[in-house]
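This briefing covers selected residues and ring arrangements in one protein model. Please read it alongside the sequence and the coordinates.

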Amino acid sequence: MSEVTLRRAEPGDVDFLLELMTHDDVEPYLAVIRPRDREGLEAEIERSRSEPDEFGRFVIEVDGKPAGLMGFEVANRRSRIANLGSLAVHPDFRGRRLADRAAQLFQRHLIFDLGFHRLQLEIYGFNERAQSHAERAGFVKEGVRRKAYWRNDEWVDGVIFGLVREDLEPQKQ
């Protein structure tokens, strides 16, 4: 089995991230607000490095090779809530459940190392692959924002998922 690891993105990752974020099989599923240009990606990497508890862009690696991206941003500091986003796996690495393993590593890092209580994310309604991934990774579907986003020349739903610290802690008997 391949080794899946996560590490904070570095300036040397920009070329890989630029290719990933503009790939024809990735770009249509990303939020419109995600940068897809060199300057935007460099700015996100710099922010991730300068504000590590507030914002993060992490590279998913498989056997030491870059395979994808994950990110978070503080949504509510007092209540320790993080919004997750920017999940993208390069098509060359799909079909091996790498994102599921990476998501579990990411959840544990955010909750147990950085001290978040709640992780939340929103997925376009047409992105059934990402919704299935979220459920496999332990997220609970919490609701739908009907026709919330203008994407691909139509209004699309946003499906909301959440995970709280207790979801990752062993159940007491």
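A contact here means heavy atoms within 4.5 Å. The structure is a predicted model, in which local features need pLDDT of at least 70 and side-chain atom pairs count only at pLDDT 80 or more, while totals for chains, interfaces and linings use all residues. Residues are numbered from 1 along each chain as its sequence is written, and side-chain values use heavy atoms, with hydrogens and water left out.

**Histidine 23**

- Histidine 23 sits in the loop between helix 1 (14-22) and helix 2 (38-50); helices are DSSP runs of H or I with at least four residues, strands are runs of E with at least two, and both are numbered from the N terminus.
- Neighbours within four places in sequence aside, histidine 23 is in contact with Pro28, His90 and Pro91.
- Histidine 23 and histidine 90 are 67 residues apart along the chain, and their C-alpha atoms are separated by 8.2 Å.
- Histidine 23 counts as partly exposed because its relative accessibility is 25% (buried is under 20% relative accessible area, exposed is over 50%, and partly exposed is in between, with a 1.4 Å probe and protein chains only).

**Arginine 108**

- Arginine 108 belongs to helix 3 (residues 98-113) and is partly exposed, at a relative accessible area of 42%.
- Not counting residues up to four places away in sequence, arginine 108 touches Asp113 and Leu168.

**Aromatic pairs**

- The structure holds eight aromatic pairs; rings of Phe, Tyr and Trp (its six-membered ring) pair if their centres lie within 6.5 Å, and planes under 30 degrees apart count as stacked, over 60 as edge-to-face and the rest as tilted.
- Phenylalanine 58 and phenylalanine 72 form a tilted pair, because their planes are at 35 degrees, with ring centres 6.5 Å apart.
- This pair links distant parts of the chain, 14 residues apart: phenylalanine 58 is in strand 2 (residues 55-62) and phenylalanine 72 in strand 3 (residues 65-76).
- Both phenylalanine 58 and phenylalanine 72 are buried.
- Tryptophan 150 and tryptophan 155 pair edge-to-face, at 5.2 Å centre to centre and 65 degrees between the planes.
- Tryptophan 150 is partly exposed at 49% relative accessible area, and tryptophan 155 is also partly exposed, at 48% relative accessibility.

**Ring cluster and charge over a ring**

- Tyr29, Tyr124, Phe126 and Tyr149 are linked into a cluster by ring pairs.
- Arginine 129 lies over the face of tyrosine 29, at 5.4 Å from the ring centre; a charge sits over a ring if NZ of Lys or CZ of Arg is within 6 Å of the ring centre and within 35 degrees of the ring normal.
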